[in-house]
Amino acid sequence: MGSKYGVIVMGPAGAGKTTFCSALIQHLRTQKRSCFYINLDPAAEEFVYEPDIDIKELITLEDVMEELHLGPNGGLIYCFEFLLDNMDFLTDPLEAVTDEYLIVIDMPGQIELYTHVPIVPNLVKALTRGSLNISMCAAYLLESTFIVDHSKFFAGTLSAMSAMLMMELPHVNILSKMDQVKGQVAHKELKRYIEPDVNLLQDVPESGLVYDYKNDLDNGESIGRSDVLTGDAFTKLNRAVGQLIDDFSLVSFLKLDVQDEDSVGAVLSYIDDAIQFHEAQEPREPNDDLVDEPMGDMG
Ligand SMILES: Nc1nc2c(ncn2[C@@H]2O[C@H](COP(=O)(O)OP(=O)(O)OP(=O)(O)O)[C@@H](O)[C@H]2O)c(=O)[nH]1
């Protein structure tokens with residue numbers, strides 16, 4: 001059997017993951033490509049396209065919360081631990097999926113699942129290694145309305161970066177719900193978000209996450225209100241965060257408007273390219289330490 005290809009769709013609650021999956025499936029169908037759709041949100045209720053695998057057939061968040069008296073977040077973690085203990089539920093049907101299919105995995109919006117605890121990274125490992133050996137790409141969605149508030153945007157970018165580091169997959173950032181900012185954000189302004197541009201950091205409000213570090217550097221001393229509000233240490237932290245984002249060139253997002261077929265097509269071809277590029281690379285030693293070590297041992 002040939003290779004298997006997949007995309008795991010992640011991002012904060014309400015970012016538009018399920019809507020994007022539906023648009024992607026619709027586009028694949030139009031292109032006469034096959035899709036294998038997996039829902040891993042144990043609380044998801046409505047789908048435009050019926051999933052081929054639905055975690056709710058294994059376990060539902062509602063049952064877990066009711067029977068184990070857990071809250072929504074603890075319940076979700078329980079559901080994923082249960083899935084990891086019963087991986088056959090996921091891996092058995094995937095054995096038969098051929099390289100003609102794109103496997104699309106719709107994830108829940110609780111980002112701690114892939115940024116704080118190694119649950120989803122371990123799940124990804126099970127899919128990308130061993131007999132399944134799926135060539136996978138991560139698609140990380142952030143709402144375009146975030147760009148109206150720069151500090152929110154950078155906080156979102158950092159969680160995207162955190163997910164990228166934990167997953168160790170080719171990673172595509174997507175700015176979703178572009179229709180909602182049409183007419184609100186000038187084209188020039190928008191361009192600064194979809195092409196790497198660390199100068200944006202200068203525009204973060206004074207009480208925000210990232211301080212005017214460039215100005216600070218130019219002047220060789222700490223100036224501005226964030227210094228007053230937060231002190232030198234925070235200024236240094238902001239500068240380091242700015243540099244980190246700059247180094248990773250992560251302030252680069254693909255635009256997505258699910259109503260626009262061309263936009264969905266462009267995102268899909270980027271995902272295809274990311275998977276192909278990754279597949280063509282020499283396999284490298286996986287960094288097991290990153291996801292296997294208990295969090296307490298990481299510092
Ligand atoms: N205007 C607009 N609304 C959208 C778009 N995509 C999604 N929405 C709306 O945003 C809300 C959340 O969309 P979902 O696709 O359910 O988002 P999600 O990320 O899967 O949400 P969770 O699974 O709860 O994390 C819904 O009301 C959608 O109709 C879009 O491109 N434009």
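Student: How many nonpolar, polar and charged residues does the shell around the ligand have?

Tutor: By class there are four nonpolar, eight polar and four charged residues. Ala, Val, Leu, Ile, Met, Phe, Trp, Tyr, Cys and Pro count as nonpolar, Asp, Glu, Lys and Arg as charged, and the others, Gly among them, as polar. Bear in mind that this is a predicted model: local features need pLDDT of at least 70, side-chain atom pairs count only at pLDDT 80 or more, and totals for chains, interfaces and linings use all residues. Residues are numbered from 1 along each chain as its sequence is written.

Student: What makes Lys 32 count as exposed?

Tutor: A residue is exposed if 12 or fewer other C-beta atoms, placed from the backbone, lie within 10 Å of its own, buried if 20 or more do, and partly exposed in between. Lys 32 has 6 C-beta neighbours inside 10 Å, so Lys 32 is exposed.

Student: And why is Asn 133 called exposed?

Tutor: Asn 133 has 12 other C-beta atoms within 10 Å, so Asn 133 is exposed too. Its phi is near 50°, a positive value in a residue other than glycine.

Student: Which residues of α3 are buried?

Tutor: They are Gly 75, Leu 76, Cys 79 and Phe 80. (Helices are DSSP runs of H or I, at least four residues, and strands are runs of E, at least two, numbered from the N terminus.)

Student: How do you know that the buried residues of α3 line one face?

Tutor: Seen down the helix axis, they fall within an arc of 135°, so they line one face; the arc is that of the directions from the axis to the C-beta atoms. The face turned away carries the exposed residues Asn 73 and Asp 85.
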